[in-house]
Amino acid sequence: MKILVTFKSVPDPYESAAPGGSPATAKSVINPFDEIAIEEALRIRERGEATEIVGLTIGPAAVEEQVRAAIAMGLDRAIRIDDSRALDPYAIARILRAVVAKEAPEVVLMGKQAVDDDSNQVGQMLAGLLGWPQATFISKIEFLQNQTRARCTRETDAGLEIIEIPFPAIVTTDLRLNEPRYVSLPGLMKARKKPIEVQSCDDLGLKVEPRTKVVATERPPKRSAGVRVETVEELVAKLKEEARVI
Amino acid sequence: MDNATREVFGNIAPSMQLVFFAMILASFAWLAWQLEQHRRQWRKARRPGFTRDWRVWLERLAIYAAAQKRVHKKSLGALLHLLLFSGFVVLTIGTTLLAIAHDGPYDFHHGWYYLIYELTMDVFGVAFILGCLLAIYRRAFRKPRSLGHNWSDWWLLSVLLSLGVTGFAVEAFRMHYTQVPPPVAHWSIVGWLLDRTLLQGLDVPTAQSIHLAVWWVHAILVGLLFATLPVNRFLHIITGPLNIATRPDRAMGALAPLTIEEVEETGRTGVAELHDFTQSQLLSLDACMECGRCEDACPATASGKPLSPKAVVIDLQRLMSLGGGNVHQTIQDETLWACTMCQACVQECPVLIGHVDLIDDMRRDLVGEGRLAGPPARALQQIGNQSNPYGRPNAERLAWAEGLDVPTVDSNPEFEYLFWVGCAASFDPRAQKIARSTVELLTKAGVSFAVLGREETCTGDPARRIGDEFLFQERAQANIETLKRRKVSKIVTPCPHCYNTFRNEYPQFGGHYEVRHHSTLLAELIAQKRLTNQHKSDDPITLHDPCYLARVNGESAAPREVIGATRDKHYREMPRCGKKTFCCGAGGGRMWFEEAPEERVSRLRAAEAVATGAKTLATACPFCLNMMSDGMAGTPGGEQTRVLDIAELLLERQSRELER
Amino acid sequence: MVAKTLILIEHDRREVKRPSLHAVTAARQMGDDFALLVLGHGMERIAQSLVSLGAAAVLVADDPVLADPLADRYAAAVAKAFQKIGATTLLATSSTFSKDILPRAAALLDAPMLTDVLKITKSNGASTYRRPINAGSMLATVELTGELRVLTIRASAFEAPPSDVAACPIEQLEIGSLPDGARFISREERTSDRPDLTEARVVIGGGRPLKDKETFDRLVGGLADALGGAIGATRAAVDTGLAPNDYQIGQTGKVIAPDLYIALGISGAIQHLAGIKDSRIIVAINKDPDAPIFHMATYGLVGDLHQIVPQLIELLSQG
């Protein structure tokens with residue numbers, strides 16, 4: 001039973017969002033939701049319900065550090081599709097489809113969204129392209145019937161939903177699924193010995209172009225350094241007019 | 001009186017003497033064989049880890065083995081051990097002297113020497129028996145939970161008591177059948193009293209036969225005592241001094257470094273198999289005699305966590321007796337994570353076992369194998385990515401100094417002291433007041449100092465305690481580079497953990513500095529009258545000694561001087577203070593772990609503080625400040641208590657001085 | 001019928017979810033005609049409630065196989081409806097429902113998609129879209145290429161549409177066969193109407209000074225309801241039993257990044273601040289003028305929360 005886990009290298013979310021930081025200067029890390037997906041795949045393997053966990057990412061050579069970190073968590077091997085363009089979710093989904101066709105996993109696991117783009121689309125799009133069942137925003141997953149289907153608990157706005165999906169399937173993970181294991185330097189050293197396969201879109205016989213273009217980015221109106229208000233009325237007025245948050 | 005003496009082996013025929021010696025020889029051979037089995041286990045470990053300096057051995061043996069420094073306490077256990085120890089040592093020395101006199105070239109066993117010898121042996125014999133009786137009483141009636149109750153303990157006590165009793169019986173019967181006359185008889189006072197009271201009317205031949213029987217019982221008991229020594233706690237009379245002498249010579253607050261080469265060689269970062277420990281550590285496991293003092297002092301045990309330092313040692317000891325194996329199957333992960341590394345156990349241990357090193361070595365393996373997750377993992381990741389466990393951008397390092405004119409290494413390059421703020425005082429809003437207060441005090445006292453600002457990054461202490469040794473070394477090397485570049489030689493810091501790391505651990509990587517905790521420098525400034533600690537308050541006040549300042553680094557006088565404790569009628573001492581201080585719960589990386597309220601160590605300490613009746617609680621550590629503020633606010637009677645750092649208190653007193 | 005825009009409406013099997021109607025306002029802003037799509041089983045009442053929103057039609061796919069929202073069949077139904085009416089834009093309000101279904105539908109339609117659109121601007125016939133990225137710490141202006149597009153909009157960025165237009169027809173849709181691999185087992189719905197703490201736009205946090213559960217629910221809950229927000233609590237409050245532990249915000253609880261966080265009786269210990277530091281606007285109400293939280297608050301009000309909060313609730317309910 002092979003599980004394919006996809007992950008993305010993103011700027012550290014805390015550093016990016018902090019007043020003194022920005023996405024451009026922040027350190028790169030594995031997308032936290034994808035880390036949760038990797039962790040879940042590892043636990044499934046530790047339970048004896050999967051035999052091979054393969055990692056997959058799309059990015060330039062600079063993301064190699066994140067690939068090593070992912071392998072260090074415990075992947076059997078990893079694939080990097082070399083591409084340095086700003087791709088959009090649909091382009092990514094199409095590339096993933098090509099790799100899935102080659103690798104033929106029974107389950108594809110990934111984080112529900114990347115914390116830089118916050119689109120929350122790739123998993124669902126991939127499922128649509130493949131015609132596979134999907135379980136999104138899961139907080140619990142149980143393999144059933146000899147690893148041929150899974151019962152998933154999904155987190156929704158209203159509470160929880162439990163669904164069952166047959167394999168092969170796409171599963172996207174939410175925050176409460178697990179807490180990923182910490183990887184220290186020696187783990188990273190051991191990871192150097194595991195193979196990373198590098199491919200390009202050409203190798204896959206693919207030509208994909210993004211259809212989304214970011215033309216500008218900016219900070220939302222800056223938080224002024226703390227103002228004391230004297231009355232409730234003043235507070236409400238400021239929230240409505242100045243901050244425009246209610 | 002010059003001729004006072006007695007016959008040795010008087011009642012024992014030469015052939016019986018041979019049997020006796022053969023038996024004793026066999027008993028010691030059996031003992032030696034068993035000890036060799038233990039030694040084989042220790043030797044299975046790869047690295048020795050012993051101290052090799054014989055001068056250190058002698059010094060330690062004198063202080064901890066002979067003078068029993070760690071044993072002395074106001075308790076029944078300490079008293080009975082003193083009696084047993086002194087009794088056993090004196091009786092053993094006595095028997096040895098007798099053997100030398102009897103078998104050696106010159107027989108000195110007569111005259112005044114003999115009389116004093118007899119009296120001494122009798123007095124210590126009584127002490128010994130008294131010790132045995134007290135031990136039996138304590139074990140049977142007091143039943144302290146941490147003592148450990150094994151059948152072998154009763155065996156040992158029975159043998160020891162019987163030895164004491166039969167020893168006096170042998171003496172009494174000998175005196176009876178050899179008809180020792182007064183006043184010589186009076187010197188063997190116990191035997192004489194027994195003879196006069198119990199053996200009156202007994203005829204000599206009967207007395208002689210009984211003497212022989214009791215003598216053999218005593219002899220066999222001696223044989224049994226030594227033959228079974230390794231299977232009960234008595235083993236500690238050998239392994240204890242061995243560990244006391246040879247355990248590593250490292251400061252209490254310094255954990256042992258690890259090199260990448262070692263990791264590459266063994267494939268592990270810590271201890272997974274029992275024999276990954278050092279030989280010295282394995283020996284120390286055998287030195288434990290289950291006194292339970294470590295457990296009694298442990299804050300984790302006291303707060304209901306699944307950790308007892310004694311259980312860790314005994315569980316590993318048992319694993320060793322089974323030949324070794326995977327430590328994580330014997331000791332749960334939760335047990336290892338529960339430790340605050342306060343070193344109370346290490347401080348209490350009479351045979352100098354290093355429990356904290358054992359735990360940290362096992363933690364290193366957990367971290368290396370990816371068995372750490374959740375908030376502490378996040379803290380480590382943040383140390384790696386943002387250079388501080390709080391995850392704040394390092395660029396915000398001087399946010400606490402807003403509004404204050406703080407000299408930096410750029411604005412005051414000729415500084416004398418580097419004021420190392422530490423991550424807690426830099427980013428924790430409550431602790432930022434410590435940094436501000438200290439800066440104001442240093443400025444007022446005219447001290448030449450500077451801060452590193454953005455160049456300051458985490459010392460790596462939480463990483464080392466949680467078990468990521470390499471993250472720690474990365475931080476250490478980076479900081480040492482910075483300190484070198486900025487030509488720092490003197491450091492003052494308000495955080496005892498930073499202080500400990502600079503003082504005891506950075507030297508492992510080539511960083512040598514003159515380090516002071518801020519309490520030390522402030523006390524000096526007060527003594528030099530550059531600051532005042534005069535105050536008019538009559539609020540009752542108490543002090544919580546930080547573990548890493550008072551116990552691990554021996555500084556408990558300075559914080560008291562800063563708050564003027566000795567001259568303050570309203571100062572109260574908490575029962576557990578100074579080196580015996582009780583942890584606030586934040587050490588060992590626990591600051592970053594999730595804990596249910598009923599399990600929090602700080603609640604226990606807060607209750608102790610509230611019981612003093614103090615309305616102000618002074619601390620000298622930003623973590624203690626955080627933990628005790630929380631603890632007091634949640635403890636009945638403590639909600640109104642002010643919790644302050646000594647620097648904040650001292651600054652208040654400067655203002656009052658100005659007001660006058 | 002034909003329409004340029006198809007809007008997927010969300011309901012809870014009993015009635016329409018109000019925020020999903022905000023997509024209608026977005027469609028109106030774009031200027032093209034639009035149709036509303038309802039999927040489910042037993043949809044008559046729901047469909048009827050949608051006729052006065054100015055749509056060209058309300059399309060209904062009513063079938064037992066659609067009784068529960070499973071993405072495989074819902075996305076297929078949406079794609080069929082979309083193609084049937086010759087639409088070029090697929091629209092819905094952001095929610096776990098629409099996020100589950102719309103991307104899959106976008107793939108079926110070979111269309112690019114944008115989530116959480118805040119603003120749509122048209123200039124020279126081309127549209128640009130503004131959406132939050134990096135957990136809302138940045139705003140991106142985006143262009144799309146191609147004929148088709150799929151969008152989800154953030155409810156708080158668009159107003160509720162007026163429901164006063166002349167009624168439009170309701171059309172039953174023939175959906176044919178749909179994928180049925182997935183199986184719906186059960187649901188566990190929170191009895192609260194409040195949004196999820198980690199995704200809510202507005203969060204009200206309560207601290208220990210709220211004294212007891214009743215006060216906590218009244219003040220924190222009351223304020224949350226007045227603003228349509230979620231409730232959070234400090235660890236101290238959870239410890240004292242004022243709130244259940246899944247409300248805990250902080251370093252060892254939930255880390256949130258709402259648009260508005262109002263801290264009631266919270267002093268601002270660093271562990272709590274770690275959980276809210278990325279909030280866009282922080283309001284602190286506390287009796288202690290030296291409380292550390294005031295350093296982090298956009299707006300700070302010093303005073304007794306037991307008096308301030310009821311005033312605040314009243315003022316907000318009026319406006």
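Start in chain B of this predicted model, where helix 1 (residues 14–43) packs against helix 8 (residues 204–227). Two numbers sum up that kind of packing: the angle between the axes and the distance between the axes. For this pair, the angle is about 15° and the axes are 8 Å apart. Angles under 35 degrees count as roughly parallel, and helix 1 and helix 8 of chain B are therefore roughly parallel to each other. If you look at how helix 1 of chain B crosses helix 8 of chain B, you'll find the crossing is right-handed.

Which residues meet there? From helix 1 of chain B come B:F20, B:M23, B:I24, B:S27, B:F28, B:W30 and B:L31, and on the side of helix 8 of chain B they find B:A219, B:V222, B:G223, B:F226 and B:A227. Sort the residues of this contact by class and you get ten nonpolar, two polar and no charged.

Now zoom out to the whole of chain B. The chain is split into four stretches: domain 1 (14–244), domain 2 (251–368), domain 3 (384–525) and domain 4 (533–659). Taken over C-alpha atoms, the centres of domain 1 and domain 4 of chain B are 47 Å apart.

Chain B also touches chain A. How many residues does each chain bring to that contact? Chain A gives 19 residues and chain B gives 21 residues. On the side of chain A, helix 1 (13–17) and helix 6 (185–191) each supply at least two residues. Helix 6 of chain A has the largest share, with three residues. Counted by class, this side of chain A holds nine nonpolar, five polar and five charged residues.

Let's follow chain A across to chain C. Here 61 residues of chain A are in contact with 68 residues of chain C. Quite a list of elements in chain A gives two or more residues to this side, including helix 4 (89–103), helix 5 (122–130), strand 7 (134–144), strand 9 (159–166), strand 12 (212–218) and helix 7 (232–242). Which of the elements gives the largest share? That's strand 9 of chain A, with eight residues. The side of chain A that touches chain C comes to 31 nonpolar, 14 polar and 16 charged residues.

Strands pair across these two chains as well. Strands of a sheet pair through backbone hydrogen bonds, either parallel or antiparallel. Strand 12 of chain A and strand 8 (residues 138–144) of chain C go for the antiparallel sense, with six bridges.

Finally, take in chain C as a whole. The chain is divided into domain 1 (5–172) and domain 2 (202–318). The centres of these two domains of chain C, taken over C-alpha atoms, are separated by 34 Å.

Notes: Residues numbered from 1 in each chain as written. Chains lettered and ligands numbered in written order. Predicted model: local features only at pLDDT ≥ 70, side-chain atom pairs only at ≥ 80, totals over all residues. Axes fitted to C-alpha atoms, helices over the stretch in contact; angles between N-to-C directions. Helix = DSSP H or I, 4+ residues; strand = E, 2+ residues; numbered from the N terminus. Parallel < 35°, antiparallel > 145°, perpendicular 65-115°, else oblique. Left-handed = near helix turned anticlockwise from the far one by under 90°. Contact = placed C-beta atoms within 7 Å. Nonpolar A, V, L, I, M, F, W, Y, C, P; charged D, E, K, R; others polar. Domains from an automatic or database assignment. Pairing = 2+ DSSP bridges.
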